[in-house]
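Here is a short briefing for a first look. It covers the contact between two chains, then one residue.

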Protein chains: 2
Amino acid sequence: MKNRSLYPIKTVSEKTGLSTFIIRAWENRYKAISPSRTDSNRRLYCEKDIQRLQYLHEAIKQGHTISSIAGLTTVQLQELLQINSVSAEAGFQDMSSLTEFLNGCLEAVENLDNQKLESELLSASVSAPQQVVLDKLIIPLMIKIGDYWKSGRFRVTHEHLATQVVKNYLMNVVNSYRQIENAPVLVVSTPNGQKHEIGALLGAVVGASEGWKPVYLGPDLPAEEIAFAAQKLNAKAIMLNVVYPEDDPRLIEEVRKIIKCDSVNAGVILTGKGINFYSDKFTEAGAFLVNTPAELRTTLENIRK
Amino acid sequence: MKNRSLYPIKTVSEKTGLSTFIIRAWENRYKAISPSRTDSNRRLYCEKDIQRLQYLHEAIKQGHTISSIAGLTTVQLQELLQINSVSAEAGFQDMSSLTEFLNGCLEAVENLDNQKLESELLSASVSAPQQVVLDKLIIPLMIKIGDYWKSGRFRVTHEHLATQVVKNYLMNVVNSYRQIENAPVLVVSTPNGQKHEIGALLGAVVGASEGWKPVYLGPDLPAEEIAFAAQKLNAKAIMLNVVYPEDDPRLIEEVRKIIKCDSVNAGVILTGKGINFYSDKFTEAGAFLVNTPAELRTTLENIRK
DNA sequence: CGTTCTTATACATAAGTTATACAACTATTA
DNA sequence: TAATAGTTGTATAACTTATGTATAAGAACG
């Protein structure tokens, strides 16, 4: 019961980012906090005290003054911080609020602040439906980052860091769906030479939301490997994301290999901007070309039958 | 009863990293520990005593003071450190139980069952302390997969799929640490040409557990990009993981570029199997070479000062 | 006999305490 | 608008406590 984890003021200072001066001043001047004391009169802070200080810190960052919030209970502080973030969303509905998140994400990327980027994504995902977050935040975000990169405003580093965080976010989204027994398997990957993963993961999310069991193999795999996985898992569909339309005749060959593989009994779906360059050859070979999440949904539904 | 081995204070000092002065002072001043004695009054420490000292040491690193924790029972210390008591009591069973998990993971990989692989990792991580999961499960797992691949038992697909899941798991572990404000920044990446990410992420976990703020940029980045990020984030350390020792003189050049960059004011730490191939040149250039998680911890601690 | 351990004492530094002061703002008042 | 008063973060002084480290003198070990 008594989780006696008590910390001295220095540790609290390090954990909250508040100077020891401030912490003492807030106690003396505003009774903002009342730590217990050792026999020798030293302050001892428990976890709750630390959390309260973090709330106070956060509220001040949001523009409140210490004198106006010092008297609030910790619960009231929580509400104060909640109300602020909710009201930001409540005021403007879906569209504009996600624009806010988008700007927040871009700012986080610019500052290479993966922590903030992640928290923006998470708060967005509780304030809007999954599909909206994908369409109106994740996809625009990655496009914007690409644009900024081309225009020289962002560097490779920015794109790299964002990719890591978004990938992780998307994988967690996919995992959050897992429950259905005997769901049809959807093998997800990108063909040899295609290193961008976000599109593939977006497809995996759609698949999961449609009741499939996505198995993400990672990017940049040879046809034989993808075919092997599809066979081993007895997959009903294979989804491949293609970003670069550059003239790579091997790409067609790779896709064709998978489709022609006798042991593979799965529909092959191609997604991504890169697919339209060769669209004829792909459809000819028997692949499904898909440009939007909505199309992907219906295609998956059709294959499932 | 138990064939308990008893150790003199010097051995205990070496095992725990605490000076003999400290160990005696903690006993005399705070009754933090009560070793048995020989007939001639010399201190004798059993395994449990050593473990207790290690817990105390760990708790102090986390910001507690010796006076406030010396009176806790060993179980309370475990709770304080959030160490699962089941596994701690199990003691030697640790090994075999993680072997179970390891086999489960390998089976999951063999069947390309990412879902099962993930759930194995998650169950392991609640039944053993983080560090043990990393040392005894994650690392051996990736090694085994590499071995199986070389021997032809696994294919690229297996390795790819496992990498995705493990990566995701490790990123979530890193994220679970975040609390300290103004923590020193640790930029984590792999140099140009190095595509394996697991080692880098393992380093990020260690960094996070030591109170740093790891910023993972993703793999395969040119020196300029890494230097840019380090500068922008005012990083205190840069950690680069190198797997392939193959003769790539550009690698040394890349690392040297980062170290020599004037605007970067960070210690450069190299990890991974690949580093020993060129160890002389790297140390010459001013990098810290690190081979084990323990070494990484102490190196980070030194740089932080 | 040199090494390691013991207790007791001493010391240095880090870190904590209160009280007071101060500078930079903000808000109020004349 | 300028003067004034309050707010708030930061700094210093003087002192105490906490904690790591060192020394001295003797005892035990191998």
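Strands here are DSSP runs of E, at least two residues long, numbered from the N terminus. The model is predicted. Chain B and chain A bury about 4100 Å² between them. Within chain B, B:T271 is a buried residue.

**The contact in numbers**
- Chain B gives 47 residues to the contact, and chain A gives 50 residues.
- Carbon and sulfur atoms carry 48% of the buried area of about 4100 Å².

- Four salt bridges are found between chain B and chain A.
- A:D113 forms a salt bridge with B:K213. Their closest N and O atoms are 3.5 Å apart.
- Polar contact joins 20 residue pairs between chain B and chain A, with both residues at pLDDT 80 or more.

**The side of chain B that touches chain A**
- Elements of chain B that give two or more residues to this side are α8 (114-127), α10 (156-175), β4 (213-216) and α12 (223-232).
- The largest share comes from α10(B), with eleven residues.
- By class, this side has 15 nonpolar, 18 polar and 14 charged residues.

**A look at B:T271**
- B:T271 lies in strand β6 of chain B, which covers residues 267-271.
- B:T271 counts as buried because its relative accessibility is 7%, and buried means under 20%.
- The side chain of B:T271 makes a polar contact with the side chain of B:N241, at 2.8 Å.
- Leaving aside neighbours within four places in sequence, B:T271 is in contact with B:M239, B:L240, B:N241, B:V242 and B:V290.

Notes. Residues numbered from 1 in each chain as written. Chains lettered and ligands numbered in written order. Predicted model: local features only at pLDDT ≥ 70, side-chain atom pairs only at ≥ 80, totals over all residues. Heavy atoms only, no water. Contact = heavy atoms within 4.5 Å. Buried area = accessible area lost by both parts, 1.4 Å probe. Salt bridge = Lys/Arg side-chain N within 4 Å of Asp/Glu carboxyl O. Polar contact = N/O pair within 3.5 Å; in protein donor to acceptor, adjacent residues only side chain to side chain. Helix = DSSP H or I, 4+ residues; strand = E, 2+ residues; numbered from the N terminus. Nonpolar A, V, L, I, M, F, W, Y, C, P; charged D, E, K, R; others polar. Buried < 20%, exposed > 50% of the residue type's maximum accessible area, 1.4 Å probe, protein only.
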